[in-house]
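Take a walk through this model, from the whole chain down to single residues. Keep the 3D view open as you read.

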Amino acid sequence: MRAFILRKLRLKKPTVAVDSSASPSPDIQQLPRAALPRDIPISQKQCDLFEKLSTEIRLLIYEAVLTDPDRPLHFLHVTPLRGRPKKLGHWRCEESDSPYLMWQHSCFGLWDKGSTRVIRHASHTNSDLLSLLLACRLIYEEAVQVLYSGNYFSFRGLQGLPSFRALVAPSSWHMLRYVHISTAFFTPMKDCSENRATFPLDRYLNWEDGCRMLVSLTELRLLRIEMMIWDLFGYYDRSGGTVEEQALVFILSALKPVRARTFQVELNLEVPSSVLNALGDVSFELLRTEKLHDRRTFPT
Ligand SMILES: [Zn+2]
(Lines give C-alpha, C1' and ligand atoms only; values in the text may rest on other atoms or scores of the structure.)
Protein backbone atom coordinates (compact mmCIF):
# COMPACT_ATOMS: atom_id res chain seq x y z
CA MET A 1 0.00 0.00 0.00
CA ARG A 2 2.93 2.34 0.70
CA ALA A 3 4.13 1.91 -2.86
CA PHE A 4 0.63 2.60 -4.12
CA ILE A 5 0.39 5.80 -2.05
CA LEU A 6 3.76 6.98 -3.30
CA ARG A 7 2.67 6.29 -6.86
CA LYS A 8 -0.51 8.29 -6.29
CA LEU A 9 1.44 11.15 -4.77
CA ARG A 10 3.69 11.23 -7.79
CA LEU A 11 0.65 11.32 -10.01
CA LYS A 12 -0.73 14.27 -8.05
CA LYS A 13 2.22 16.50 -8.89
CA PRO A 14 0.82 19.67 -10.43
CA THR A 15 1.30 19.89 -14.14
CA VAL A 16 2.71 23.08 -15.62
CA ALA A 17 0.79 24.53 -18.54
CA VAL A 18 3.06 25.42 -21.43
CA ASP A 19 2.07 27.80 -24.18
CA SER A 20 3.79 26.28 -27.18
CA SER A 21 2.83 29.17 -29.45
CA ALA A 22 5.25 31.54 -27.82
CA SER A 23 8.84 30.74 -27.12
CA PRO A 24 10.25 32.50 -24.04
CA SER A 25 12.28 35.55 -24.79
CA PRO A 26 15.87 35.41 -23.57
CA ASP A 27 15.25 38.85 -22.03
CA ILE A 28 12.73 37.45 -19.63
CA GLN A 29 15.40 35.42 -17.94
CA GLN A 30 17.31 38.60 -17.16
CA LEU A 31 14.37 40.40 -15.51
CA PRO A 32 14.45 40.63 -11.72
CA ARG A 33 12.47 37.89 -10.07
CA ALA A 34 9.22 38.81 -8.37
CA ALA A 35 9.49 39.36 -4.66
CA LEU A 36 8.48 36.38 -2.59
CA PRO A 37 5.41 36.91 -0.36
CA ARG A 38 6.43 38.13 3.06
CA ASP A 39 3.31 37.03 4.89
CA ILE A 40 3.66 34.14 7.27
CA PRO A 41 2.53 30.97 5.45
CA ILE A 42 -0.83 29.67 6.55
CA SER A 43 -0.43 26.52 8.59
CA GLN A 44 -2.26 23.39 7.53
CA LYS A 45 -3.70 23.36 11.02
CA GLN A 46 -5.61 26.53 10.21
CA CYS A 47 -7.98 24.61 7.97
CA ASP A 48 -11.42 23.97 9.43
CA LEU A 49 -10.83 20.25 9.91
CA PHE A 50 -8.04 20.91 12.40
CA GLU A 51 -9.14 24.29 13.76
CA LYS A 52 -12.78 23.53 14.51
CA LEU A 53 -12.84 19.79 15.17
CA SER A 54 -11.25 18.08 18.14
CA THR A 55 -8.86 15.18 17.66
CA GLU A 56 -11.54 12.82 18.96
CA ILE A 57 -14.02 13.96 16.31
CA ARG A 58 -11.44 13.68 13.57
CA LEU A 59 -10.61 10.14 14.66
CA LEU A 60 -14.29 9.24 14.48
CA ILE A 61 -14.38 10.57 10.93
CA TYR A 62 -11.31 8.54 9.99
CA GLU A 63 -12.84 5.42 11.50
CA ALA A 64 -16.08 5.93 9.59
CA VAL A 65 -14.24 6.37 6.31
CA LEU A 66 -11.42 3.84 6.65
CA THR A 67 -12.78 0.94 8.68
CA ASP A 68 -15.71 -1.42 8.69
CA PRO A 69 -15.97 -3.79 11.67
CA ASP A 70 -18.43 -6.04 9.86
CA ARG A 71 -16.51 -6.50 6.63
CA PRO A 72 -12.95 -7.87 6.49
CA LEU A 73 -10.47 -6.19 4.25
CA HIS A 74 -9.13 -8.89 1.95
CA PHE A 75 -5.60 -8.67 0.68
CA LEU A 76 -4.92 -10.21 -2.70
CA HIS A 77 -1.39 -10.98 -3.54
CA VAL A 78 -1.42 -13.25 -6.56
CA THR A 79 -3.49 -13.84 -9.61
CA PRO A 80 -6.14 -16.50 -9.00
CA LEU A 81 -5.63 -20.09 -10.05
CA ARG A 82 -2.08 -20.47 -11.26
CA GLY A 83 0.74 -18.07 -11.82
CA ARG A 84 3.54 -16.40 -9.98
CA PRO A 85 2.83 -13.74 -7.35
CA LYS A 86 1.97 -10.46 -8.96
CA LYS A 87 0.41 -7.24 -7.78
CA LEU A 88 -1.10 -6.91 -4.36
CA GLY A 89 -4.49 -5.32 -3.99
CA HIS A 90 -7.32 -5.02 -1.53
CA TRP A 91 -11.02 -5.68 -1.64
CA ARG A 92 -13.60 -4.94 1.02
CA CYS A 93 -15.53 -8.17 1.69
CA GLU A 94 -18.86 -8.46 -0.03
CA GLU A 95 -19.65 -12.00 1.15
CA SER A 96 -19.57 -11.81 4.93
CA ASP A 97 -22.47 -14.25 5.12
CA SER A 98 -20.97 -16.78 2.72
CA PRO A 99 -21.16 -20.41 3.94
CA TYR A 100 -17.85 -21.11 2.23
CA LEU A 101 -14.31 -20.72 3.44
CA MET A 102 -13.01 -17.17 3.42
CA TRP A 103 -10.39 -17.82 0.72
CA GLN A 104 -13.15 -18.98 -1.61
CA HIS A 105 -15.00 -15.65 -1.52
CA SER A 106 -15.46 -14.14 -4.93
CA CYS A 107 -13.93 -11.06 -3.28
CA PHE A 108 -10.56 -12.64 -4.08
CA GLY A 109 -11.29 -12.34 -7.76
CA LEU A 110 -12.42 -15.75 -8.96
CA TRP A 111 -15.96 -16.98 -9.42
CA ASP A 112 -18.21 -18.85 -11.80
CA LYS A 113 -20.87 -17.05 -13.77
CA GLY A 114 -22.93 -19.74 -15.43
CA SER A 115 -20.46 -21.78 -17.43
CA THR A 116 -17.94 -18.93 -17.52
CA ARG A 117 -15.10 -18.54 -15.05
CA VAL A 118 -14.55 -14.90 -14.17
CA ILE A 119 -11.20 -13.57 -12.98
CA ARG A 120 -10.70 -10.07 -11.66
CA HIS A 121 -7.19 -8.64 -11.50
CA ALA A 122 -5.77 -8.17 -8.03
CA SER A 123 -5.05 -4.50 -8.63
CA HIS A 124 -8.77 -3.67 -8.92
CA THR A 125 -10.49 -2.54 -5.75
CA ASN A 126 -13.98 -1.74 -4.51
CA SER A 127 -12.89 0.63 -1.78
CA ASP A 128 -11.68 4.18 -1.74
CA LEU A 129 -9.37 3.97 1.23
CA LEU A 130 -6.60 6.15 -0.07
CA SER A 131 -8.34 9.39 -1.03
CA LEU A 132 -8.56 10.65 2.52
CA LEU A 133 -5.00 9.61 3.32
CA LEU A 134 -3.73 11.45 0.26
CA ALA A 135 -5.46 14.71 1.16
CA CYS A 136 -2.46 16.06 3.08
CA ARG A 137 0.40 14.94 5.26
CA LEU A 138 -1.28 15.94 8.51
CA ILE A 139 -4.34 13.83 7.76
CA TYR A 140 -2.15 10.94 6.65
CA GLU A 141 -0.18 11.02 9.88
CA GLU A 142 -3.32 11.06 11.97
CA ALA A 143 -5.38 8.58 9.97
CA VAL A 144 -2.89 5.93 8.88
CA GLN A 145 -2.99 4.23 12.26
CA VAL A 146 -6.77 4.00 12.04
CA LEU A 147 -6.45 2.24 8.67
CA TYR A 148 -4.07 -0.43 9.92
CA SER A 149 -5.23 -0.88 13.49
CA GLY A 150 -8.97 -0.60 12.87
CA ASN A 151 -9.47 -3.04 10.00
CA TYR A 152 -9.81 -6.82 10.04
CA PHE A 153 -7.16 -7.89 7.54
CA SER A 154 -7.88 -11.07 5.65
CA PHE A 155 -5.15 -13.10 3.93
CA ARG A 156 -5.51 -16.02 1.57
CA GLY A 157 -2.85 -18.34 2.89
CA LEU A 158 -0.11 -17.45 5.33
CA GLN A 159 2.05 -16.92 2.27
CA GLY A 160 0.23 -13.61 1.79
CA LEU A 161 1.96 -12.08 4.81
CA PRO A 162 5.45 -11.58 3.29
CA SER A 163 3.97 -9.78 0.28
CA PHE A 164 1.93 -7.51 2.50
CA ARG A 165 4.79 -6.79 4.90
CA ALA A 166 7.12 -5.94 2.03
CA LEU A 167 4.67 -3.37 0.77
CA VAL A 168 3.77 -1.45 3.93
CA ALA A 169 5.99 0.59 6.21
CA PRO A 170 7.38 -1.31 9.23
CA SER A 171 5.41 0.98 11.54
CA SER A 172 2.21 0.16 9.64
CA TRP A 173 2.89 -3.59 9.87
CA HIS A 174 3.13 -3.36 13.65
CA MET A 175 -0.18 -1.50 13.81
CA LEU A 176 -2.16 -4.60 12.77
CA ARG A 177 -4.64 -5.65 15.47
CA TYR A 178 -7.15 -7.92 13.71
CA VAL A 179 -5.98 -10.64 11.32
CA HIS A 180 -7.71 -13.53 9.57
CA ILE A 181 -5.88 -16.21 7.60
CA SER A 182 -7.68 -18.77 5.47
CA THR A 183 -5.48 -21.59 4.30
CA ALA A 184 -5.13 -25.30 3.57
CA PHE A 185 -2.63 -28.14 3.75
CA PHE A 186 -2.33 -31.56 2.20
CA THR A 187 -0.71 -34.43 4.10
CA PRO A 188 1.46 -36.49 4.38
CA MET A 189 4.34 -34.06 4.59
CA LYS A 190 6.84 -36.13 2.59
CA ASP A 191 4.52 -36.19 -0.43
CA CYS A 192 3.49 -32.54 -0.19
CA SER A 193 6.67 -30.61 0.60
CA GLU A 194 7.15 -29.37 -2.96
CA ASN A 195 5.94 -25.92 -3.87
CA ARG A 196 2.46 -25.82 -5.28
CA ALA A 197 0.95 -22.97 -7.20
CA THR A 198 -2.65 -23.70 -6.34
CA PHE A 199 -4.26 -21.45 -3.81
CA PRO A 200 -4.42 -21.20 -0.88
CA LEU A 201 -2.25 -24.20 -0.06
CA ASP A 202 0.55 -23.23 2.25
CA ARG A 203 3.96 -24.83 2.02
CA TYR A 204 5.54 -26.75 4.84
CA LEU A 205 8.88 -25.18 3.91
CA ASN A 206 7.60 -21.63 4.49
CA TRP A 207 5.11 -22.23 7.25
CA GLU A 208 7.46 -21.62 10.18
CA ASP A 209 8.76 -18.39 8.63
CA GLY A 210 5.19 -17.18 8.19
CA CYS A 211 4.41 -18.02 11.81
CA ARG A 212 7.45 -16.03 12.92
CA MET A 213 6.02 -13.04 11.08
CA LEU A 214 2.87 -13.45 13.13
CA VAL A 215 5.01 -13.53 16.28
CA SER A 216 6.32 -10.08 15.35
CA LEU A 217 2.76 -8.72 15.60
CA THR A 218 2.84 -8.10 19.31
CA GLU A 219 -0.37 -6.09 19.64
CA LEU A 220 -2.82 -8.52 18.07
CA ARG A 221 -6.28 -8.43 19.58
CA LEU A 222 -7.82 -11.05 17.31
CA LEU A 223 -6.11 -13.69 15.21
CA ARG A 224 -8.28 -16.29 13.53
CA ILE A 225 -6.76 -19.00 11.34
CA GLU A 226 -9.20 -21.01 9.26
CA MET A 227 -7.45 -24.12 8.02
CA MET A 228 -8.49 -27.13 5.98
CA ILE A 229 -6.18 -30.12 6.27
CA TRP A 230 -6.71 -33.02 3.91
CA ASP A 231 -5.06 -36.28 3.20
CA LEU A 232 -3.70 -36.07 -0.34
CA PHE A 233 -5.31 -39.33 -1.30
CA GLY A 234 -8.56 -38.69 0.50
CA TYR A 235 -9.17 -35.17 -0.70
CA TYR A 236 -12.30 -36.12 -2.55
CA ASP A 237 -13.74 -37.75 0.55
CA ARG A 238 -16.07 -35.46 2.38
CA SER A 239 -14.15 -36.04 5.60
CA GLY A 240 -10.87 -35.15 3.95
CA GLY A 241 -9.41 -38.57 4.67
CA THR A 242 -7.08 -39.50 7.50
CA VAL A 243 -4.48 -36.81 7.90
CA GLU A 244 -0.96 -37.50 9.06
CA GLU A 245 -0.49 -36.75 12.74
CA GLN A 246 3.13 -35.71 12.28
CA ALA A 247 1.96 -32.99 9.89
CA LEU A 248 -0.65 -31.79 12.37
CA VAL A 249 1.97 -31.51 15.11
CA PHE A 250 4.29 -29.61 12.79
CA ILE A 251 1.63 -27.14 11.63
CA LEU A 252 0.22 -26.43 15.08
CA SER A 253 3.57 -26.36 16.89
CA ALA A 254 4.74 -23.50 14.70
CA LEU A 255 1.78 -21.45 15.96
CA LYS A 256 2.63 -21.88 19.63
CA PRO A 257 4.86 -18.77 19.98
CA VAL A 258 2.21 -16.53 18.35
CA ARG A 259 0.29 -14.33 20.75
CA ALA A 260 -3.06 -12.59 20.40
CA ARG A 261 -5.62 -11.50 22.93
CA THR A 262 -8.09 -13.83 21.18
CA PHE A 263 -6.41 -16.54 19.12
CA GLN A 264 -8.53 -19.18 17.42
CA VAL A 265 -7.55 -21.97 15.04
CA GLU A 266 -10.51 -23.42 13.17
CA LEU A 267 -10.00 -26.82 11.56
CA ASN A 268 -12.07 -29.17 9.44
CA LEU A 269 -11.17 -32.06 11.71
CA GLU A 270 -11.04 -33.15 15.31
CA VAL A 271 -7.46 -33.07 16.55
CA PRO A 272 -6.50 -36.52 17.91
CA SER A 273 -5.57 -36.68 21.58
CA SER A 274 -2.13 -38.02 20.66
CA VAL A 275 -1.48 -34.78 18.73
CA LEU A 276 -2.80 -32.67 21.62
CA ASN A 277 -0.47 -34.50 23.99
CA ALA A 278 2.47 -33.89 21.68
CA LEU A 279 1.61 -30.20 21.48
CA GLY A 280 1.34 -29.60 25.21
CA ASP A 281 0.15 -26.15 26.25
CA VAL A 282 -0.88 -23.91 23.39
CA SER A 283 -1.80 -20.24 23.20
CA PHE A 284 -4.75 -20.77 20.88
CA GLU A 285 -8.22 -22.22 21.04
CA LEU A 286 -8.92 -25.15 18.70
CA LEU A 287 -12.33 -25.08 17.05
CA ARG A 288 -14.13 -27.02 14.32
CA THR A 289 -15.04 -24.80 11.39
CA GLU A 290 -18.59 -24.86 10.12
CA LYS A 291 -17.57 -23.42 6.77
CA LEU A 292 -18.13 -25.42 3.61
CA HIS A 293 -15.62 -26.09 0.88
CA ASP A 294 -16.77 -25.07 -2.58
CA ARG A 295 -15.40 -27.96 -4.62
CA ARG A 296 -17.23 -26.96 -7.77
CA THR A 297 -15.45 -23.63 -8.17
CA PHE A 298 -12.21 -24.94 -6.65
CA PRO A 299 -11.94 -28.57 -7.79
CA THR A 300 -8.33 -29.09 -6.62
ZN1 LIG B 1 -15.13 -11.61 1.19
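Predicted model: local features only at pLDDT ≥ 70, side-chain atom pairs only at ≥ 80, totals over all residues.

Residues are numbered from 1 along each chain as its sequence is written.

The protein contains 10 helices and 9 strands. Helices (H or I, at least four residues) and strands (E, at least two) are DSSP runs, numbered from the N terminus. Of its 300 residues, 26% count as buried. A residue is buried if 20 or more other C-beta atoms lie within 10 Å of its own, exposed if 12 or fewer, and partly exposed in between, with C-beta atoms placed from the backbone. Contacts also reach along the chain. Among those with a separation of 6 or more, 71% join residues 24 or more positions apart. Two residues are in contact if their C-beta atoms, placed from the backbone, lie within 7 Å.

Start with a helix pair. The axes of H3 (residues 55-66) and H5 (residues 137-150) come within 9 Å and cross at roughly 45 degrees. Axes are lines fitted to C-alpha atoms, for helices over the stretch in contact, and angles run from 0 to 180 degrees between N-to-C directions. H3 and H5 are therefore oblique to each other. Angles under 35 degrees count as roughly parallel, over 145 as roughly antiparallel, 65 to 115 as roughly perpendicular and the rest as oblique. The crossing of H3 and H5 is right-handed. That label applies if the near helix is turned clockwise from the far one by less than a right angle, and left-handed if anticlockwise.

Which residues in H3 and H5 meet? H3 brings Arg58, Leu59, Tyr62, Glu63 and Leu66, while H5 brings Glu142, Ala143, Val146, Leu147 and Gly150. The contact of H3 with H5 divides into 6 nonpolar, 1 polar and 3 charged residues. Here Ala, Val, Leu, Ile, Met, Phe, Trp, Tyr, Cys and Pro count as nonpolar, Asp, Glu, Lys and Arg as charged, and the others, Gly among them, as polar.

Val146 counts as buried because it has 22 C-beta neighbours inside 10 Å. Leaving aside neighbours within four places in sequence, Val146 is in contact with Leu59, Tyr62, Glu63, Leu66 and Thr67. Its C-alpha atom is 9.7 Å from that of Val65, 81 residues apart along the chain.

Now move to H9 (residues 245-253). Ala247, Leu248, Ile251 and Leu252 are buried there. Seen down the axis of H9, these residues fall within an arc of 120 degrees, so they line one face of the helix. The arc is that of the directions from the helix axis to the C-beta atoms. An α-helix has 3.6 residues a turn, so residues three or four places apart point the same way. The buried residues of H9 pack against strand S6 (178-187), helix H8 (204-215), strand S7 (222-231) and helix H10 (273-279).

Next comes Leu267, in strand S8 (residues 262-267). Leu267 is buried, with 20 other C-beta atoms within 10 Å. Beyond four places in sequence, Leu267 touches Met227, Ile229, Leu286, Arg288 and Thr289.

Finish at two loops. Arg177 sits between helix H7 (170-173) and S6. Arg177 is partly exposed, with 18 other C-beta atoms within 10 Å. Pro188 lies in the loop between S6 and H8, and the peptide bond from Thr187 to Pro188 is cis, with omega near 0 degrees.
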